[in-house]
Amino acid sequence: MVNLELMDWQTYAARVKDGNAVIMLPIGAIEQHGPHMSMNPDVLIPKAISEGVAGKSSAILVAPPISYGYKSQVKSGGGNFFPGTTCINGKTLIDVVKDVLVAYARHGNRKFVLVNGHFENSMFLVEGIDLALEHLRHEGIQAQVMLLSYWDYVTQDTIETVFPDGFTGWDVEHGGVLETSLMLHLHPECVNMEKVVHHHPATFPPYDIFPPEPSWVPSSGTLSSAKNASEEYGRLLFNVCVEGIFGSVSERFI
């Protein structure tokens with residue numbers, strides 16, 4: 001069993017009391033991903049990858065995900081205009097990350113891996129980690145936290161396989177081939193390929209404007225086409241991410 005919330009408290013306490021357990025914490029968002037897919041890939045994908053990594057070592061446990069993320073941005077998530085996209089303020093995310101890390105550390109845990117599944121979360125996670133470690137130091141607790149985004153583990157060879165016609169970058173992959181392929185592999189019931197809207201990757205000016213401009217975003221909400229997504233690509237992407245992340249976790253913590 002890798003999901004710690006499914007354990008009884010005594011089993012969990014025994015697993016973590018020596019401080020050698022590695023706690024993986026997926027962090028995502030509830031955000032539209034086009035008409036062809038559910039609104040929770042940013043939660044389901046890092047959770048599944050974390051479980052895949054944990055399956056490789058009895059030292060690793062997976063915590064329940066933090067499911068709400070920072071505000072969707074036009075040039076990476078389509079913006080905060082679409083019904084269903086449900087965001088929280090940066091300060092809220094910082095406080096949640098801090099509080100959760102402090103709570104788990106007080107159980108005896110000292111090693112943490114935060115697995116980000118939503119681009120916009122990144123620097124708020126850094127701040128939450130920093131504040132948590134500062135708080136814990138005042139309690140005499142020394143902990144370490146690894147922060148990663150799963151897509152950074154997709155190798156160049158894999159990119160060339162999944163994007164044979166050329167790769168336009170992770171920033172416009174929102175609702176595109178990467179996430180759709182992973183969801184076809186992990187949760188095919190959440191994908192309807194018949195509803196994919198095929199269009200060229202979105203292009204944006206080299207600046208942001210506030211209030212955000214909805215007309216910059218394709219009406220589908222996706223920033224590139226998922227037409228070429230497949231379960232085969234999803235399996236490849238999943239395995240590459242699991243292997244790479246397990247390598248990092250092993251090198252640092254196991």
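1. Starting with the α7/α8 contact: on the α7 side V177, L178, S181, L182, L184, H185 and L186 take part, and they meet E231, Y233, G234, R235, L237 and F238 of α8. By type, the residues of this contact split into 8 nonpolar, 3 polar and 2 charged. Keep in mind that this is a predicted model.

2. Now the geometry of that pair. The axes of α7 (residues 177–186) and α8 (residues 231–253) come within 7 Å, with a crossing angle of roughly 95 degrees. Angles of 65 to 115 degrees count as roughly perpendicular, so that is how α7 sits relative to α8.

3. Next, helix α2 (residues 41–54). With 14 residues at 1.5 Å each, α2 should span 20 Å, and its end C-alpha atoms lie 19 Å apart, which agrees.

4. How enclosed is α2, and what covers it? Of its 14 residues, 11 are buried, so the rest of the structure largely encloses this helix. The buried set is P41, D42, V43, L44, I45, P46, A48, I49, S50, V53 and A54. The cover over these residues includes the strands β1 (22–27), β2 (60–62) and β3 (111–116), along with helices α7 and α8.

5. On cysteines: how many disulfides does the whole structure hold? The search finds 0. C87 is in none, and its nearest cysteine sulfur, on C190, is 19 Å away; a disulfide would need the pair within 2.5 Å. C190 is in no disulfide either, with the sulfur of C241 as its nearest, 19 Å away.

Note on methods
Residues numbered from 1 in each chain as written. Predicted model: local features only at pLDDT ≥ 70, side-chain atom pairs only at ≥ 80, totals over all residues. Heavy atoms only, no water. Axes fitted to C-alpha atoms, helices over the stretch in contact; angles between N-to-C directions. Helix = DSSP H or I, 4+ residues; strand = E, 2+ residues; numbered from the N terminus. Parallel < 35°, antiparallel > 145°, perpendicular 65-115°, else oblique. Contact = heavy atoms within 4.5 Å. Nonpolar A, V, L, I, M, F, W, Y, C, P; charged D, E, K, R; others polar. Expected span 1.5 Å × (residues − 1). Buried < 20%, exposed > 50% of the residue type's maximum accessible area, 1.4 Å probe, protein only.
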